[in-house]
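This report walks through one protein model.

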Amino acid sequence: MKDLKENIFRTIITIGAVLSGILVLLVFFYILKESIPFFREVSYKEYLFSSSWRPLSTNPAYSFLPMISATLYVSFLAILIATPLSVGCGLFLSFNTSKKSSRIILSFIDMIAGIPSVIFGFLGLVLLVKFLERNLDMVSGESVLAGALLLSVMLFPYIVTGCTETFMKAKDIYYGASQSLGVSKWYTMRRIILPFARKSIFVNMILALGRAIGETMAVMMVTGNSPIFPKLLGRAETIPSLIALEMGTATYKSLHYSSLYAAGLILIILVLIIQVIAYMINKAGMRRIG
Amino acid sequence: MIIRTEDLSVYYGYKNILKDVNVTFEKNKITAIIGPSGCGKTTFLKSLNRTIEEYGGKTEGNIYLNNEDIMNIPVQKLRNRIGMVFQTPVVFPFSIYKNMTYAPIYYGERNSQKLKETALKYLKIAGLYEEVKGDLDMQATKLSGGQQQRLVIARCLTVNPEVILLDEPCSALDIKNTANIESMLLELKKDYTIIIVTHNLAQAKRIADYVIYMEDGTVVEMGKTDDIFDCPLDSRTKEYITYMKN
Amino acid sequence: MRAKELMFKFWVILSGIIITVITFGLFLYILYKGIGVVTPEFIIGSPKGIPLGTQGGVFPAIMGSILSGLISGILGGVLGLCTAIYLNYYCKNEIIRKYILNALQCLAGIPSVVIGLFGYTFLVVGLGISKSLLSASITLTVMIIPFISIRMKKALEETSKEQYISSLSLGIPKGYTIVKLIIPSAFKYIMTSLGLGTVFAMGATAPIMYTGVVIVSGVPGKLTDPFMALPYHLYILVNEGLSVEMAYGTAFVLIVIVLFINIACHFTGKNEDV
């Protein structure tokens, strides 16, 4: 009786785990399978190195280059904006506020990560885009800059949380010793804490980049979505936006349809490369400390 | 003789932690295992009730419980007969009472009167009853370290084991609590066989009937407590004992 | 030297203030702008006006979001918990364990829009399940399985190994130990993972856009009905330029639900530490 119950439990758990595993693999294989016709049909010269995206024209052209550049442009710019602010904020929360208030502020910053991205898109449209139109004298504020600024806010929690954790750890280890030498708090932060956290800052940056590349709704709502080469103050369309906007119109099993899967695959590969880099840096760091 | 090992070796991956251990444990006695940290004492203890497997260890050689190879005993039955207590007290995050009834309920006891009797009986044996009788529904994690450890031992007794393994049960406790547990162990050995790993030589001397000295995964020497402490045969044992005394 | 330190100080304090102000500003702005719009009628009414959505309420969208969140939360929770338990306690083969973990990690990195694409073509077009609560919830489930499994696995690891071994040492088998000891000990963390996963599902737009959500519908009565959802409703209001005011109201409701679950999870998580 008891053995029976044990066996039933083990079976249920195994079935659940196998089901999850199958779902995960199914997604991977399906994406791979559906994108193969595209890669077979269209040469890499066209999809990576030409410049035009017009899948529905009578003379169709399939180039992901504008979208890939837009994705990278928006994401890197967002990281460049978010990182200095987040690192500074991390230092501020680790050294200049009381434990209690920094914990409250941190948990609110953390909650930003939980806000649905469509809300960011909405705010970006009514605040940021309008602001850019008014102040930069733009015809339309929907642009790479708007996307990057908005995205940088969404990345705050990812970088701030990770960095603050490292700063706190460094504080525990070195702060007392450094203070006993009579140097200022700021000097300690600059000369000891920051160098100690260099690697961790970099890893957090990269992980945030992975998150940035896949962001769909918020970016889509403020970048204007034209499949052209991105300029800072011009419209652009990222890969996720491309997929989201065209998946409803592509005919099932057409080349256009397959191209969207190919775009998805390229996106996944970008994210995976980033994750692997972060993983390797992390591992190298572990070895050095251990 | 209740437990006997025969060329017992334990591996973690390719690392050989225990090498050809041959020892015996007498029924209703306290046997202390001593030796420097990392000599395999804890590993040895864990291999006796096969919990070593949960940590990924592989064993070679044989262990006999009452002349029966433990690999022929169903693993739950084996662990039921050989109980184990860890260094840090591991109370379950329930009330004191639920800690005590956790195992009996599994073994099919549903009668609340009987459950209560069992719980109280072993709390009394562990000398905890007087201290907690008013609030058995209190979270066990709120007890002091010494009380928690006694609760863990009491919980271990609820399944009626033949052998109790203790892994440095007092190293996290103060002198008074240590004394409490030691006198309890001396009381318990009338009914149970006790094997205790300890760093504290004085403790081994106070409570143990037999002592095993281990070094580097091998048993250097085993014998009656007085013999080991007063006239050890092996120079390594002697060195360790003199070293620990100073 | 002095100038450098001054610059440094300026940078740290300024970025601290900027991020803090933006963070609190965000929440307060939405709450401030939305609170005027949110009347009882807004909560319990259906979209009205011409075009639809410019007046009336968002009740079907609230229900749609809650239902799809609930279904995918339950499905993802069960599968995620099974996966976590399997990985921690039943998987004997170290290599298989590593593969499953890596696959989950990878899937967690896949952008939600790609999962949406998968759901749309596989479930809706391929298998022919209509655009419905069911297909949308399954798509969301696929999205949150890695999120939940990884967090639940961590939750189970929070309970000490010695506790698990202590129970085994009483002669009690794995399954009973997991059900009666490990899961109750880690219950709060498990619920937190579940809550966060559900919020994640409820806030997602891209995965449901083509798998089940529609611009206007009633409260779905069956699994095969299409439904409205708050994030998509917000997207439509904004993107079609229907009504900014209604958009603030919708954002308010969405953020209140998200914050409520988040804070609830946050505090139950805290209690465990004390």
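The side chains of A:Arg235 and A:Glu142 form a salt bridge, with N and O 3.4 Å apart. The term requires a side-chain nitrogen of Lys or Arg within 4 Å of a carboxyl oxygen of Asp or Glu. A:Arg235 sits in the loop between helix 8 (217-222) and helix 9 (239-246) of chain A, and A:Glu142 in the loop between helix 5 (117-135) and helix 6 (144-179) of chain A, so the pair ties together parts 93 residues apart in sequence. Over all chains, the search of the whole structure finds 17 salt bridges.

## Basis of the model

The model is predicted: local features need pLDDT of at least 70, side-chain atom pairs count only at pLDDT 80 or more, and totals for chains, interfaces and linings use all residues. Residues are numbered from 1 along each chain as its sequence is written, chains are lettered from A and ligands numbered from 1 in the order in which they are written, and side-chain values use heavy atoms, with hydrogens and water left out.

## Chains A and C

Chain A has 10 helices and 2 strands. Helices (H or I, at least four residues) and strands (E, at least two) are DSSP runs, numbered from the N terminus. The order along chain A is α-α-β-β-α-α-α-α-α-α-α-α. Its C-alpha atoms fill a box of roughly 75 × 75 × 35 Å along the principal axes.

Chain C has 11 helices and 2 strands. Its pattern in sequence order is α-α-β-β-α-α-α-α-α-α-α-α-α. The C-alpha trace of chain C spans about 70 × 70 × 35 Å along its principal axes.

## Where chain C meets chain A

Contact (heavy atoms within 4.5 Å) involves 75 residues of chain C and 74 residues of chain A. The two chains bury about 6700 Å² between them, 83% of it on carbon and sulfur atoms. C:Phe8, C:Ile19 and C:Leu117 supply 9% of the area that chain C buries against chain A, more than any other three residues. Buried area is the accessible area (1.4 Å probe) that two parts lose on being put together, summed over both.

How many salt bridges cross this interface? The rule finds 0 between chain C and chain A. Polar contacts link 9 residue pairs, both residues at pLDDT 80 or more. Such a contact is a pair of N or O atoms within 3.5 Å; within protein, one must be able to donate a hydrogen and the other to accept it, and residues adjacent in sequence count only if both atoms are side-chain atoms. Helix 1 (residues 2-35) of chain C gives the largest share of the chain C side, 19 residues. By class, that side has 54 nonpolar, 16 polar and 5 charged residues. Ala, Val, Leu, Ile, Met, Phe, Trp, Tyr, Cys and Pro count as nonpolar, Asp, Glu, Lys and Arg as charged, and the others, Gly among them, as polar.

## Two positive phi angles

A:Asn225 is not a glycine, yet has a positive phi of about 55°. A:Asn225 lies in the loop between helix 8 and helix 9 of chain A. B:Arg50 also has a positive phi, near 65°. B:Arg50 lies in the loop between helix 1 (41-48) and strand 5 of chain B.
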